[in-house]
Amino acid sequence: MQEGIMELMWRSSHVTGSNVHYVEALYEQYLDDPAAVPQEWRDYFDQLPNPDGQGSGSATSHDIPLTPIREQFYQLGKQQHRAAYAIAPSSDGEDSRKQVRVLQLINAYRFRGHQHANIDPLGLRDPSAVPDLDLAFHQLSKADLETEFQTGSFFLGQDQAPLRVIVDALEQTYCRSIGCEFMHIVDTEEKRWLQQRFESVRSKPPYTEGMRKHVLERLTAAEGLESYLASKYPGTKRFGLEGGESFIPMMDELIQRAGSYGTKEVVIGMAHRGRLNVLVNILGKNPSELIDEFDGKKLIERGSGDVKYHQGFSSNVMTPGGEVHLAMSFNPSHLEIVAPVVEGSVRARQDRRNDGDGGKVLPINVHGDAAFAGQGVVMETFQMSQTRAYKTGGTVHIVINNQVGFTTSDPLDARSTEYCTDIAKMVQAPILHVNGDDPDAVLHVTQVALDYRQQFSKDVVIDLVCYRRRGHNEADEPSGTQPLMYQKIKDHPSSRAIYATRLVQEGVVSEDEAKALIEKYRDDLVAGNHVANALVQEPNTSLFVDWKPYLGHEWTGYADTSLDLKRLQQLAAKMCEVPEGFAVQRQVAKIYEDRRKMQGGGLALNWGFAETLAYATLLDQGHPIRLTGQDVGRGTFSHRHAVLHNQKDASLHVPLQHLAPGQPDFTIHDSFLSEEAVLAFEYGYATTMPNALVIWEAQFGDFFNGAQVVVDQFISSGETKWGRLCGLTMLLPHGFEGQGPEHSSARLERFLQLCAEYNMQVCVPTTPAQIFHLLRRQVIRPLRKPLVIMSPKSLLRHKEAVSSLEELAHGSFQMVLPDQGKRDASQVKRVIMCSGKVYYDLDNWREENLLDDVAIIRVEQLYPFPKEELFETISQYTNTTDIVWCQEEPLNQGAWYSMQHNLRSVAEELKAGFGATLKFAGRPASAAPAAGYMSVHIEQQRQLVEDAFNL
Ligand code: AMP
């Protein structure tokens, strides 16, 4: 019975009809979206071999089990096929079926041709068979090779052609030096665009002689630099590019082509390998500077400096579209983390240029194969690529794939995916694998990649498959761990040599000309000439930001952040305005109502008001603001509500964007759930946009530990290593309120441990006026230093944590807040120093116990340590016998271990005067930051407060 239905369906499916075009169109529709074709056709196509060789449709791939239904269809199809053959081999029905199979074959090449492509210069790739590319798999045979078939959507240049011609063209397009993966892309237009670019030229466009000579010249430069350095500094680490020299013509082409599109800036993220080569041959760093670095000379006056293969660089080059500014980011040893930094820097430049689609600024991120497959931040960077907060109009990613993991590891140990690039499929990026020994093919994928990015504003990946002629670094002997690979490499001619031979054979250059290129390059190096031929010697400085106003400032804690009271009130009124008819949610409406009262003087100012007003004043004074983080629109603890959501239609209103016409941007975005990539992005943004207030807020302070690498390797040390200033602000909610080990501490101790040489500021403001002036100080002062703020949770609503409008108008940020009581200083026996929320607990205790001989001083800036201010504040208490540092954090955490030498130095000086000693009150040392049980928390908190008074 079942068989009858199937048979009927088979017969009524019109497969035997002769309308070839109809079948073709239907089949292609099906391949794009099976649901788009009628059920019976879907069922028919389903039982054909699946062109991607996966899933349920691989009916003829006998190693894949068939469902019984499919088996029946398949058998039925075969019977029909045989019958058709037996009766009339050339009948229309069989032709139509074959036509469908030919289309399937075309699609199979599009899906899986890359697996047969000759992309490995060493020929080490496992050449395992891809059944989908066999004629037999599609029930075609050699006997069909001379038969003409419709070419369907294949860009062959003719509507029909003998199967032999079709297969040859497919082989040339998909199985030579380029292996492209794009069939995972859902968007039909993108897919067709890519097919057209590769198929119409069989992946081998005809390049002019001039172009190919230029490529040879750049390859010669790439090889020439490495061999010069190898002979001058044998065994010195340089992470040479040998084996991957095609990368230099690739970068050259990318930049030149981007310039012709009207790109004005290119930001490059690059790991170690090949970096020196790019610096000299692409960015135009003077070779003599590099030589000085090899000679170990100290090249900067201040700071630690960094090794040569971490250095960034900036220059301008000339392109067909005019001058282009190039910036290579400084890079820590931690591969990949620079990728989101580059994205942030690019976004800042795009924002500055009002470049919404990213056409004016191009990010290029260069990766190592092992890092690309291994590092989670790669996934995070892809994930951010199309989000509103982080998109940059597409990034060109280049993997310098030397087929060896970071030092010596085998690909079998380096990943579980087939290619090191598979992660890019998550954003449906096209992935273009190319054989580094075929520079013409390298040129082609480079052009396609950039054109794709410009056309679709999306990421694209080039996998430059090459090898590493030497070890991980030049002091390494690679054959110890990769014996077979290095036997091959030993006898393998360089990419330049291969290309030169090809061009000589094709009559493009003579042997002498090729040799002359080598000599000229070496002569230039020896003479100390620039060797990046497009370098502009007198760069147009308007292409990039002028950092001069921010350079050379010594640390100062003071900035005049006061403002005219009237202006403050006007801005406060503006920031509370909501458009007519905009339905604000009830609790949010109450917050805004309260803010209006605060503006009018009817209510003391709270944290949310002061913080928002700080933003309004900075915008008013011409500073753009960018605020991102996991819940920033609302604020984790619902104190901010900078973004209003219309309860009727979910439309948004951001009052801070409507202060005045032509005001600077106020950008606020909830981030996606990442810390590492987003913090790195904001670091990149802040190091490129000195005029702006750039803030990253963690949902809870401890979340920054997912981005520790960014704190260690960029935020805390970027200035001393690379001379790159950064005014990034981090808001990290911190405070012991019984929320357990994870959400209590922003790990203050970790930041303090990293503090030295005035590298950053760590502050714990405790009043609305303090956060107001602190945020303003960060931008008003020309000094650019990272600012880490332990921001409050319960203080956001604490009835005593309030300020007045006058304090905002006339005050400034106080690094030390003196005792607030009006007590006689000579009566004070005990001074308690603290920072953060515990102040209010201590103050309460003092009130409740009617203590008049205790002063409580808040250290609101822990680093740079305000020694003078603190000394001055305490020294008035001349009869003090006890000085206590009180903290909520356990003994081994918080400020104590990192700060006690500073506190002691104040106490020591005081001791000379009146003999006080320094004591500690806090939680006992603990492995976890805080207790998980509320009862334990309450008892610990009570105890530490009591200790502060009684120790
Ligand atoms: P870039 O556009 O990043 O290449 O920067 C252009 C120039 O501005 C650099 O050569 C530096 O002199 C300067 N510059 C860029 N960023 C910073 C920074 N974060 N701190 C100090 N100077 C910078």
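Reader: Where is tyrosine 877 found?
Author: This is a predicted model. In it, tyrosine 877 sits in the loop between helix H30 (867-874) and strand E23 (882-890).

Reader: Is tyrosine 877 buried or exposed?
Author: Tyrosine 877 has a relative accessible area of 4%. Buried means under 20%, so tyrosine 877 counts as buried.

Reader: How many residues apart in sequence are tyrosine 877 and leucine 817, and what about in space?
Author: In sequence, 60 residues separate tyrosine 877 and leucine 817. In space they are 15 Å apart, taken from C-alpha to C-alpha.

Reader: Stepping back, how many helices and strands are in the protein?
Author: The protein has 32 helices and 24 strands. Its C-alpha trace spans about 115 × 80 × 55 Å along the principal axes.

Reader: And what share of the residues count as buried?
Author: Of the 951 residues, 59% count as buried.

Reader: What is 2.7 Å from an oxygen atom of the ligand?
Author: An N or O atom in the side chain of arginine 349 is at that distance from the ligand oxygen.

Reader: How much of the ligand's accessible area does the protein cover?
Author: On its own the ligand has 470 Å² of accessible area, and the protein covers 80% of that.

Reader: New topic, the rings. How many aromatic pairs does the count come to?
Author: The count comes to 20 aromatic pairs. One of them joins tryptophan 547 and tyrosine 550, with 5.8 Å centre to centre and 65° between the planes. That pair is edge-to-face, because planes over 60 degrees apart count that way.

Reader: Are tryptophan 547 and tyrosine 550 buried or exposed?
Author: Tryptophan 547 is buried, at a relative accessible area of 18%. Tyrosine 550 is buried as well, at 13%.

Reader: What about tryptophan 896 and phenylalanine 920, what kind of pair do they form?
Author: A tilted one, with 5.0 Å between the centres and 40° between the planes. The pair links distant parts of the chain, 24 residues apart: tryptophan 896 is in helix H31 (residues 896-914) and phenylalanine 920 is in strand E24 (residues 917-923). Both residues are buried.

Reader: Which residues do ring pairs link into a cluster?
Author: Phe330, Tyr683, Phe714 and Trp722 are linked that way.

Reader: One more. Where does serine 495 lie?
Author: Serine 495 lies in helix H18, which runs over residues 495-505. Serine 495 is buried, with a relative accessible area of 0%.

Reader: And what joins the side chains of serine 495 and aspartate 437?
Author: A polar contact of 2.7 Å joins those two side chains.

Technical notes. Residues numbered from 1 in each chain as written. Predicted model: local features only at pLDDT ≥ 70, side-chain atom pairs only at ≥ 80, totals over all residues. Heavy atoms only, no water. Polar contact = N/O pair within 3.5 Å; in protein donor to acceptor, adjacent residues only side chain to side chain. Areas by Shrake-Rupley, 256 points an atom, 1.4 Å probe, with all protein chains shown as cover. Phe/Tyr/Trp six-rings, centres within 6.5 Å; stacked < 30°, edge-to-face > 60°. Buried < 20%, exposed > 50% of the residue type's maximum accessible area, 1.4 Å probe, protein only. Helix = DSSP H or I, 4+ residues; strand = E, 2+ residues; numbered from the N terminus.
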